[in-house]
Amino acid sequence: MDLLNKHVSIRKFRQQQIDEDLLKSLLYSGSKASTTGNMQLYSIVITRDEKMKEKLAPLHFNQPIAKQAPVLLTFIADFNRFSKWCKLNNAEPGYNNFLSFTTAVIDAILVAQNVCIAAENKGLGICYLGTTTYNAKGIIDILNLPKLTFPVTTVALGYPDEQPSLTDRIPLEGIIHYERYTDYSEQSINELYAFKENLESSKHFVKENNKESLAQVFTDVRYKKTDNEYFSEQMINTLKEQGFFGDLIG
């Protein structure tokens, strides 16, 4: 619990390679994560090659960490492998649909988090790259991913070269509901986000972006509606191309 409570994202790594045996042990621990029906609906692509990082970097919005990290791990929601096993055993798979995609995503995220915890336990640092789903089509092409697969997230992995402070979280009472969901009043919302809004870093974000509030930094700058709609359309189109969704979406 102490390890989990001290988690921080690392964005600067020492140029020290990760031993192959250590990496495999981390991935082995990852594979012990909970999985739907023990189907293990995920694959992991390891990227160490500098030329491959160069190809992937633009798809991660050229974040320095995408090239500087010794290892990139791309976690794939994968129904390809399991479906092929079914067909080889005279069993007809029915996994080209939204439910199956969601199931594989959950599996992939669970194994990714297991790997991250195992890595931190061995003194390594990690950072999730949320850009993976934004540019899934490009990543699919570079990593040669087949139908019924989809890249869910990428983890940058290496030995830390920085000691960032813990990031803020809203109070625990803000995320816990007993027996049923209790909706938030205006007062409770203001109380839950007061600490975050009053951080000097938050005030700096508001000022440098010429906004009225921290919420506007999120809605108008960091995660804009137009961007969300654009990348959502790209994601849906890619999922169709990868064989998920079937005819559910026109």
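This is a predicted model: local features need pLDDT of at least 70, side-chain atom pairs count only at pLDDT 80 or more; totals for chains, interfaces and linings use all residues.

**Aromatic pairs, salt bridges and a helix contact**

Student: What is the geometry of the pair formed by the rings of phenylalanine 79 and phenylalanine 82?

Tutor: The ring centres of phenylalanine 79 and phenylalanine 82 are 6.4 Å apart, and their planes stand at 75°. Planes over 60 degrees apart count as edge-to-face. The pair of phenylalanine 79 and phenylalanine 82 is therefore edge-to-face.

Student: Are phenylalanine 79 and phenylalanine 82 buried or exposed?

Tutor: The term buried requires a relative accessible area under 20%. Phenylalanine 79 and phenylalanine 82 are both classed as buried.

Student: Which residues form one aromatic cluster?

Tutor: The cluster consists of phenylalanine residues. Its members are Phe98, Phe101, Phe150, Phe244 and Phe245.

Student: Turning to charge, where do the partners of the salt bridge between arginine 48 and glutamate 20 lie?

Tutor: The structure holds 10 salt bridges, and in this one the closest N and O atoms are 3.1 Å apart. The pair links distant parts of the chain, 28 residues apart. Arginine 48 is in the loop between β1 (42-47) and α3 (50-56), and glutamate 20 is in helix α2 (residues 20-30).

Student: How is arginine 48 classed by its relative accessible area, and how is glutamate 20 classed?

Tutor: Values under 20% count as buried and values over 50% as exposed, with partly exposed in between. Arginine 48 has a relative accessible area of 25%, and glutamate 20 has 36%. Arginine 48 is therefore partly exposed, and glutamate 20 likewise counts as partly exposed.

Student: Glutamate 50 forms a salt bridge with lysine 53; what is the relative accessible area of lysine 53?

Tutor: The closest N and O atoms of glutamate 50 and lysine 53 are 3.3 Å apart. Both residues lie in helix α3, 3 residues apart, about one turn of the helix. Glutamate 50 is partly exposed at 46%, whereas lysine 53 is buried, with a relative accessible area of 1%.

Student: Which residues are linked in a network of salt bridges?

Tutor: Side chains of opposite charge can pair when their charged atoms come close. The residues linked in the network are Lys137, Asp141 and Glu241.

Student: How are helices α8 and α9 oriented to each other, and which residues make the contact?

Tutor: The axes of α8 (residues 186-198) and α9 (residues 200-208) come within 5 Å and cross at roughly 75°. Angles of 65 to 115 degrees count as roughly perpendicular, and α8 and α9 are therefore roughly perpendicular to each other. The contact is made by Lys196, Glu197 and Asn198 of α8, together with Glu200, Ser202 and Lys203 of α9.

Student: How many nonpolar, polar and charged residues does the contact of α8 with α9 have?

Tutor: Asp, Glu, Lys and Arg count as charged. By class, the contact of α8 with α9 has no nonpolar, 2 polar and 4 charged residues.

Notes
Residues are numbered from 1 along each chain as its sequence is written. Side-chain values use heavy atoms; hydrogens and water are left out. Axes are lines fitted to C-alpha atoms, for helices over the stretch in contact, and angles run from 0 to 180 degrees between N-to-C directions. Helices (H or I, at least four residues) and strands (E, at least two) are DSSP runs, numbered from the N terminus. Angles under 35 degrees count as roughly parallel, over 145 as roughly antiparallel, 65 to 115 as roughly perpendicular and the rest as oblique. Contact means heavy atoms within 4.5 Å. Rings of Phe, Tyr and Trp (its six-membered ring) pair if their centres lie within 6.5 Å; planes under 30 degrees apart count as stacked, over 60 as edge-to-face and the rest as tilted. Buried means under 20% relative accessible area, exposed over 50%, partly exposed in between (1.4 Å probe, protein chains only). A salt bridge is a side-chain nitrogen of Lys or Arg within 4 Å of a carboxyl oxygen of Asp or Glu.
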